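User: Could you walk me through reading contacts and burial in a model like this one?

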Amino acid sequence: ARIYAPIGQTDLVARHSDVAALVSASKGNLQDYIDSAWTELLGRLYADAVPYWQIRTPSALREWMFARSFALIFRDYATLLDPGDRYMEHADRYELQADKAYDKIRSRIDIGEDNILEADAKPISPIIMLTSGPRRYR
């Protein structure tokens, strides 16, 4: 099953009023930031062996998506305007929120795909074994 980004530009603007002013002043579109955050999230879940296709509801990803999208937006504007301003502080704060939200994602996975969340299930990192079989010398 394919899952899609659970947030859009209107969600970002509704949650943080500074974003509306920044968007109107520059590019006028926040979708690039949302797409970057979404791609990063799927890559990170895949690399950490988290079966994101078994997430019970995509809305479980909203908290991380908001935090990471805002971190990308404010870091971008902090580098454009002034690295020491409040936008850099916002970016740092949202980075911390994204890290906390990522840990919560693991607890919302339906391992058995039976619409019941297993409390004791914890994903592990994948194990890769490289071998070419026994070597024989002549």
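User: Leaving out residues up to four places away in sequence, what does R68 touch?

Analyst: Contact means heavy atoms within 4.5 Å. With sequence neighbours up to four places away left out, R68 touches A37, E40, E95 and A98. Before we go on: this is a predicted model, where local features need pLDDT of at least 70, side-chain atom pairs count only at pLDDT 80 or more, and totals for chains, interfaces and linings use all residues. Residues are numbered from 1 along each chain as its sequence is written, and side-chain values use heavy atoms, with hydrogens and water left out.

User: Which side chain does R68 join in a polar contact?

Analyst: A polar contact is a pair of N or O atoms within 3.5 Å; within protein, one must be able to donate a hydrogen and the other to accept it, and residues adjacent in sequence count only if both atoms are side-chain atoms. Here the side chains of R68 and E40 are joined by one of 2.9 Å.

User: Is R68 buried or exposed?

Analyst: Buried means under 20% relative accessible area, exposed over 50%, and partly exposed in between (1.4 Å probe, protein chains only). R68 has 12% relative accessibility, so it counts as buried. R68 sits in helix α4, where the buried residues also include W64, F66, F70 and F74.

User: How do I check the span of helix α4?

Analyst: Helices are DSSP runs (H or I, at least four residues), numbered from the N terminus. The expected span is 1.5 Å times one less than the number of residues. For the 19 residues of α4 (residues 62–80) that gives 27 Å, and the end C-alpha atoms are 27 Å apart, which agrees.

User: Which residues of α3 are buried?

Analyst: Y33, I34, A37, W38, L41 and L45 are. They cover an arc of only 135° around the axis, so they lie on the same side of α3; the arc is that of the directions from the helix axis to the C-beta atoms. T39, Y46 and A47 are exposed on the other side of α3. The cover over the buried residues of α3 includes α1 (9–15), α4 and α5.

User: What about H90: where is it, and what does it touch?

Analyst: H90 is in helix α5 (residues 86–105). Its relative accessible area is 14%, so H90 is buried. Apart from residues up to four places away in sequence, H90 touches H16, D18 and F74.

Conventions. Helix = DSSP H or I, 4+ residues; strand = E, 2+ residues; numbered from the N terminus.
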